[in-house]
Amino acid sequence: MTDPALDAETFRERALTTLVTARDRTTLLTSCVEEPDLTAQHSPLMSPLVWDLAHIGNQEEQWLLRAVAGQEAIRPEIDGLYDAFEHPRSERPSLPLLPPAEARRYAADVRGRVMDVLERTAFHGTRLTEAGFAFGMIAQHEQQHDETMLITHQLRKGPQALTAPDPEPVPLFTGPAEVLVPGGPFTMGTSTEPWSLDNERPAHRREVAAFHIDTTPVTNAAYQAFIEDGGYADERWWTADGWSHIRRNSIGAPLFWRRDGRQWLRRRFGVTEVVPPDEPVLHVCWYEADAYARWAGRRLPTEPEWEKAARYDPAGDRSLRYPWGDADPGPEHANLGQRHLRPAPAGSYPAGESPLGVRQLIGDVWEWTASDLTPYPGFNAFPYKEYSEVFFGPEHKVLRGGSFAVDAVACRGTFRNWDLPIRRQIFSGFRTARSAAA
């Protein structure tokens, strides 16, 4: 159901703003390095940046020009090259990809035509166009690839290419270490958020027992205590698969960290620096997050627990759009949109805390949960099953919240992300929980 207070012109303006914001970011990420860096593969886990650029244009063409507007294909011969399911990332450098200049012209051509479509589209009549869903989906898709390209920049060797101001310094957080979330039912997911994706739907009631959750994400200082206590060398804290994985790959610290004498250094977007103790830990896989939680005598929160901590307002007995309420994200609420190239210190953004007092649930770092990615009761794949359905199962763990690299259009209290439990190049951290009855 669409909010009746929002009319077609409101959705048109929102679609325009989010598409322009996404393209500005894409341009920044693909113009700050020279052509060899655009065509190179900086990690077998990632695509060449020029693949992402043309893929963004191709998806936009397929959904907004062909599916919404019914237009003929501009470049049908390249559809296969930019089909993410046809070619794994490791193979993409060997494909006959569009060179950077041609990729830019193609994406710009598509965008010019989309602006004409946007002006005359009626935001009703089909599920794809209702409330501008297809435009919102494409803006989210581009922003998700912008986050992917930012990961590529983090993996890229060489001098610094991106800059951004640091978050505002804040006093050391001295509030309570954990928050009690009351037991009982709450509404999980959404049936009303107009641009929500299929795996967030439908809204349904979920029963959660009372539990405690960390007020802020786990910090680098806390994680260093796990390392110094021999956490990576003690099999007791690891699942069998996790233990096997870290031993096989000689993992002994978060990705991009290295020890220098008595201190830890990290590489961040081409700059080497001392690991800041008060920032949320970043670039840890699910196995590492789970092991830390066990070492701390706690556990990772389940996905329903995380969402209840983020959205439940006991005063009104309802679920909010965001931890701070129903208003769209502002700079006072969360660290989003690549405004900074790092997480903010733990305890930042008091205006963004949940009604129960949990902070930084949105932005800064994606947070691993204990849960596998599964469909909600009544799930229906839309508009294509490859977005979510093909990933359901125990192979993928759910992350919630969104990092500093996530744009506001692709981030909300119901948004679900997922990845393999070994992934560390993503902007992932975590917080821990414990059952109230324990």
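How many Å apart do the axes of helix H1 and helix H5 come, and at what angle do they cross?

**Entry 1: before looking.** I am working with a predicted model, where local features need pLDDT of at least 70, side-chain atom pairs count only at pLDDT 80 or more, and totals for chains, interfaces and linings use all residues. Residues are numbered from 1 along each chain as its sequence is written, and side-chain values use heavy atoms, with hydrogens and water left out.

**Entry 2: two helices.** I looked up H1 (residues 8-31) and H5 (residues 133-155): their axes come within 9 Å and cross at roughly 20°. My reminder: helices are DSSP runs of H or I with at least four residues, strands are runs of E with at least two, and both are numbered from the N terminus. Axes are lines fitted to C-alpha atoms, for helices over the stretch in contact, and angles run from 0 to 180 degrees between N-to-C directions. That crossing makes H1 roughly parallel to H5, a label for angles under 35 degrees. I then listed the contact (heavy atoms within 4.5 Å): among its residues are Ala-15 and Leu-19 of H1, and Phe-135 and Ile-138 of H5.

Entry 3: I found three strands in an open sheet, ordered S5-S6-S7, with antiparallel pairing; two strands pair if DSSP finds at least two bridges between them. S5 (257-260) and S7 are at the edges with a single partner strand each, so one side of each has no neighbour in the sheet. Neighbouring strands are turned by 35° against each other on average, direction ignored.

**Entry 4: the hairpin.** S6 (residues 263-268) and S7 (residues 271-274) share four bridges. Leu-265 sits opposite Val-274. Two residues separate the strands, and Phe-269 in the turn has a positive phi of about 50°.

Methods
Angles under 35 degrees count as roughly parallel, over 145 as roughly antiparallel, 65 to 115 as roughly perpendicular and the rest as oblique.
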